[in-house]
Amino acid sequence: MPAIIQAVDGPVDATILGGHPESRPRLTAPLTYTGSLDRFSHFDVTPAIGREYTGLHIKDLLKASDEQIQDLALTISQRGVVFLRGQADVTPIEMKDFMLRLTEKAGCPESSGLHVHPLTEEGSELGDQISVISSAKQKKGGGLTHQLSDVSRFASAGWHSDITFEKVPSDYAMLKIHTLPETGGDTLWASGYEIYDRLSEPMKEFLSGLTATHDASFFHDEAARLGNPLRKTPRGSHLNQGDNLVAVHPLIRTNPVTGWRSVYVNRGFTKRINGVTRDESDVLLPYLFNLVTQNHDAQVRFRWNQGDIAIWDNRSTFHCATYDYEAARAGDRVCSLGEAPYLDRNSTGRKEALGL
Ligand SMILES: O=C(O)CCC(=O)C(=O)O
Ligand SMILES: [Fe+2]
């Protein structure tokens, strides 16, 4: 099992773009798989992304060995998203306990905990670190896909990675859907590794030197409209506080758990590529978003049953909800924080690393 080191302050490494001395991953090298999950029945949903398990239960994983938790973290990070069927009995508290263990065993910085969404109401029933995903809330307007202003109505407008507007964004997220319509409400994920691999070599090289600005200032308007103040106290990390919901991250990011590069800009929150002209940014960003939405062979679509859980790696995937139903749909989400995003110039894409 690879060693986990403490974050150290030191001179900025020329091979690293981005990062933050107070939010470095504790892994010295990518994790290696030990085989501890092989006995659980599973299949890869598509070649690019997704693995579904049956018989693997969060309740058992809460008592599992560190080795199994690390194997699961690596599997989620390699496959992008993992689906666990039949988890109806898992409580929001167990979801939080499990996510804390997962992020810790995956080497998150000591300063990273569970995220508190800036729009979470004080004293909310399930606690600060649970986001309630609900169609009733969506219908009130706001959010990425239900903005009240004159914006795109394409279903693909909702593609995003979670909370990339934070200085220290999410490593993993877990969503459990407990209420769902008879049909509809599927969720889609896409692989950021695959999107990186589809770029030409000169484009990879060019984009690898750039950063992008992620901005969720629209949450200020939403907080005012909903009448609950924005959360300004630390949101899972001391680096995520105050009312500035803007962050600059490398455009290409290395995932410390796999060692692979991913494109790290998303339709929901990324507003500007830095260091190029506005016009160049306005051409490049939609091109990168289109790579996600128009390549369905980089995506996986999950049809939920009541009580299913999905766990994904927000550093290297994008996802999008589907609003094609009228009946109630609801679930609970827990989002853990990883490291401040960085690019390790010595890292490669997934295909190169796997010799594909
Ligand atoms: O409702 C969904 O299918 C996904 C919601 C979402 O974006 C999330 O849980 O992060
Ligand atoms: Fe999300």
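Trainee: How many aromatic pairs does the count come to?

Mentor: This is a predicted model, so side-chain atom pairs count only at pLDDT 80 or more. Two rings pair if their centres lie within 6.5 Å. By this rule the count comes to 11 aromatic pairs.

Trainee: Take Tyr-193 and Trp-260, which form one aromatic pair. Is that pair stacked or edge-to-face?

Mentor: The ring centres of Tyr-193 and Trp-260 are 5.0 Å apart, with 80° between the planes. Planes over 60 degrees apart fall in one class. The pair of Tyr-193 and Trp-260 is therefore edge-to-face.

Trainee: How many residues apart in sequence are the parts that this pair ties together?

Mentor: Tyr-193 belongs to helix H5 (residues 192-197). Trp-260 is in the loop between strand S10 (252-254) and strand S11 (261-263). The pair thus ties together parts whose separation in sequence is 67 residues.

Trainee: Where does Phe-269 lie?

Mentor: Phe-218 lies in helix H7 (residues 218-226), and the pair ties together parts 51 residues apart in sequence. Phe-218 is buried at 18% relative accessible area, and Phe-269 is buried at 4%. Phe-269 lies in the loop between S11 and strand S12 (270-273).

Trainee: Which residue lies over the face of Tyr-172?

Mentor: A charge sits over a ring if, for Arg, CZ is within 6 Å of the ring centre and within 35 degrees of the ring normal. Arg-253 is over the face of Tyr-264 at 4.6 Å from the ring centre. Over the face of Tyr-172, at 5.1 Å from the ring centre, lies Arg-315.

Trainee: Which residues are the protein donors of the iron ion (ligand 2)?

Mentor: The donor residues are spaced H-x1-D-x156-H in sequence. Two of them are buried: His-160 at 14% relative accessibility and Asp-162 at 2%. The donors lie 2.1 to 2.2 Å from the iron ion, and they are His-160 (NE2), Asp-162 (OD) and His-319 (NE2).

Trainee: What is the phi of Ile-163?

Mentor: Most residues other than glycine have a negative phi. Ile-163 is in the loop between H4 and S6, and is buried at 2% relative accessible area. Phi of Ile-163 is positive, near 45°.

Trainee: How far apart are the end C-alpha atoms of helix H2 (residues 66-79)?

Mentor: The expected span is 1.5 Å times one less than the number of residues. For the 14 residues of H2 this gives 20 Å. The model agrees, because the end C-alpha atoms of H2 are separated by 20 Å.

Trainee: How many residues of H2 are buried?

Mentor: The buried residues of H2 include Gln-68, Asp-71, Leu-72 and Arg-79. After H2 comes Gly-80, with a positive phi near 85°. H2 is mostly covered, and its buried residues number 11 of 14.

Trainee: Which element supplies the largest share of the lining of the largest pocket?

Mentor: The largest pocket holds about 1,300 Å³ of space. Of its 45 lining residues, the closest to its centre are Ser-131, Val-132, Ile-133, Lys-137 and Gln-138. Elements that each supply at least two lining residues include strand S5 (131-134), helix H4 (135-139) and H7. The largest share, four residues, comes from S5.

Trainee: What separates the C-alpha atoms of Leu-354 and Trp-260?

Mentor: Leu-354 is in helix H9 (residues 350-354), and is partly exposed at 45% relative accessible area. Along the chain, Leu-354 and Trp-260 are 94 residues apart. Their C-alpha atoms are separated by 9.9 Å.

Technical notes: Residues are numbered from 1 along each chain as its sequence is written. Chains are lettered from A and ligands numbered from 1 in the order in which they are written. This is a predicted model: local features need pLDDT of at least 70, side-chain atom pairs count only at pLDDT 80 or more; totals for chains, interfaces and linings use all residues. Side-chain values use heavy atoms; hydrogens and water are left out. Rings of Phe, Tyr and Trp (its six-membered ring) pair if their centres lie within 6.5 Å; planes under 30 degrees apart count as stacked, over 60 as edge-to-face and the rest as tilted. Buried means under 20% relative accessible area, exposed over 50%, partly exposed in between (1.4 Å probe, protein chains only). Donors are N, O and S atoms within 2.8 Å of the metal (3.2 Å for Na, K and Ca); water is not among the atoms, so sites may look incomplete. On a 1 Å grid over the protein atoms alone, a cavity is a set of points where a 1.4 Å probe fits but cannot get out, and a pocket is an open set with protein on both sides within 12 Å along at least five of seven lines; lining residues have an atom within 4 Å of a point. Grid points are joined across faces, edges and corners, and a volume is the space filled by probe spheres set on the points.
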